[in-house]
Amino acid sequence: MITDYVNMTEEDINRFQNGLDLLLTLARIHYGELGTLIGVSRQTIMNLCKGDIKMRKTQYIAINVMLDYKLGEEYKKLLEIVYSMKGL
């Protein structure tokens with residue numbers, strides 16, 4: 001639900017960005033696919049995953065909402081796995 005993602009902190013965004021590449025790998029979602037879903041380029045997603053650019057709040061919300069919608073119940077489980085594996 002979108003309200004889960006609106007009251008995020010800068011720490012939440014950084015934590016999410018640090019785990020994004022692993023999350024996409026586990027979810028079997030390619031950069032281009034996610035980019036298309038949220039209206040940005042494959043390159044933007046790749047740069048976010050590498051940490052070359054800082055994730056904005058709007059990107060955080062858009063990515064979370066789309067992954068939550070696309071993956072359903074599996075999404076929160078994957079997030080927990082990523083955060084535990086990366087020590088986030």
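Helix α5 consists of 15 residues, and from its first C-alpha to its last it reaches 21 Å, close to the 21 Å expected at 1.5 Å a residue. The model described here is predicted. The buried residues of α5 are Gln59, Tyr60, Ile63, Asn64, Leu67, Asp68 and Leu71. They lie on the same side of α5, because the arc they cover around the axis is only 150°. Thr58 and Tyr69 are exposed and sit on the face of α5 turned away from its buried side. Just after α5, Gly72 has a positive phi of about 60°.

Helix α6 covers residues 73-86; its 14 residues should span 20 Å at 1.5 Å a residue, and the 21 Å between its end C-alpha atoms agrees with this. Tyr75, Leu78, Leu79, Val82 and Tyr83 are buried in α6. These residues cover an arc of only 130° around the axis, so they are on the same side of α6. Exposed residues on the other side of α6 are Glu73, Lys77, Glu80, Ser84 and Met85.

The largest nonpolar core contains 24 residues, and Phe16, Leu20, Leu23, Ile63 and Leu67 have the most contacts inside it. At least two residues of this core come from each of α2 (10-27), α3 (31-38), α4 (42-50), α5 and α6. Helix α2 supplies the largest share, six residues. Leu67 illustrates the packing: apart from neighbours within four places in sequence, Leu67 is in contact with Leu23, Leu24, Ile29, Leu34, Gly72 and Tyr75.

Which residues form the one aromatic pair found in a search of the whole structure? The pair is Phe16 with Tyr60, in an edge-to-face arrangement, with 5.4 Å centre to centre and 85° between the planes. It links distant parts of the chain, since Phe16 is in helix α2 and Tyr60 in helix α5, 44 residues apart.

| Residue | Relative accessibility | Class |
|---|---|---|
| Phe16 | 1% | buried |
| Gln59 | 7% | buried |
| Tyr60 | 8% | buried |
| Val40 | 27% | partly exposed |

Gln59 lies in helix α5 (residues 57-71). Gln59 counts as buried because its relative accessibility of 7% is under the 20% cut-off. A polar atom of the Gln59 side chain lies 2.8 Å from the backbone nitrogen of Arg56. Apart from neighbours within four places in sequence, Gln59 is in contact with Thr44, Leu48 and Lys54.

Val40 is located in the loop between α3 and α4. Its relative accessibility of 27% makes Val40 partly exposed, because that class runs between 20% and 50%. With neighbours within four places in sequence left aside, the contacts of Val40 are Gly35 and Ile45. The C-alpha atoms of Val40 and Leu20 are separated by 15 Å, and the two residues are 20 residues apart along the chain. Leu20 is one of the residues with the most contacts inside the largest nonpolar core.

Definitions and conventions:
Residues numbered from 1 in each chain as written. Predicted model: local features only at pLDDT ≥ 70, side-chain atom pairs only at ≥ 80, totals over all residues. Heavy atoms only, no water. Helix = DSSP H or I, 4+ residues; strand = E, 2+ residues; numbered from the N terminus. Buried < 20%, exposed > 50% of the residue type's maximum accessible area, 1.4 Å probe, protein only. Polar contact = N/O pair within 3.5 Å; in protein donor to acceptor, adjacent residues only side chain to side chain. Contact = heavy atoms within 4.5 Å. Expected span 1.5 Å × (residues − 1). Arc of directions from axis to C-beta. Core = buried A, V, L, I, M, F, W, Y, C linked by side-chain atoms within 4.5 Å. Phe/Tyr/Trp six-rings, centres within 6.5 Å; stacked < 30°, edge-to-face > 60°.
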